Amino acid sequence: QVQLVESGGGLVQPGGSLRLSCAVSGFTLDYYAIGWFRQAPGKEREGVSCISSSDGSTYYADSVKGRFTISRDNAKNTVYLQMNSLKPEDTAVYYCATALMVVAAMHPSSYDYWGQGTQVTVSS
């Protein structure tokens, strides 16, 4: 059974930081691409960041570049998203997802398995 479980969300003030975690099981992490996505109420799910399984290359949406950092710890089967300088527009449910082969790394349709999501709210 492939399973992904997100954690680390919560309520933070603008300018604050959070670190999201995605614990995975049921597959070998180093063979899969991992992506972080987010979805605000009434809006489409959008790609935030992803990390490749081959060379460790990372990709970021323009809206988060310079503020968010994705990383992985294969020994712990965990992927992280460090979120700094948070803005109210970052408020959303954040999901991690994985796939063996990814054509468009930042597009939700490229991913096969999804977690349940964790809520991030940025507000004063």
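Tutor: Start with two definitions: strands (E, at least two residues) are DSSP runs, numbered from the N terminus. Two strands pair if DSSP finds at least two bridges between them.

Student: OK. What kind of model is this?
Tutor: A predicted model: local features need pLDDT of at least 70, side-chain atom pairs count only at pLDDT 80 or more, and totals for chains, interfaces and linings use all residues. Residues are numbered from 1 along each chain as its sequence is written, and side-chain values use heavy atoms, with hydrogens and water left out.

Student: How many bridges join β4 to β9?
Tutor: 7, and the two strands, β4 (residues 33-39) and β9 (residues 92-99), run antiparallel. Ala33 has Ala99 in β9 as its bridge partner.

Student: And β4 with β5, how many bridges there?
Tutor: 5, again antiparallel, with β5 spanning residues 46-51. Phe37 stands opposite Gly47 in β5. The β4-β5 hairpin has 6 residues between the strands, and Gly42 takes a positive phi near 80 degrees there.

Student: How many residues of β4 are buried?
Tutor: 6 of its 7. Buried means under 20% relative accessible area, exposed over 50%, partly exposed in between (1.4 Å probe, protein chains only).

Student: New topic. Which cysteines form a disulfide?
Tutor: Cys22 and Cys96, with sulfur atoms 2.0 Å apart; the rule is a pair of cysteine sulfur atoms within 2.5 Å. Cys22 lies in β3 (residues 18-25) and Cys96 in β9, 74 residues apart. The S-S torsion of Cys22 and Cys96 is about 65 degrees, so the disulfide is right-handed.

Student: Are those two cysteines buried or exposed?
Tutor: Cys22 and Cys96 are both buried. Cys50 is in no disulfide; the nearest cysteine sulfur, that of Cys96, is 13 Å away.

Technical notes: Helix = DSSP H or I, 4+ residues; strand = E, 2+ residues; numbered from the N terminus.
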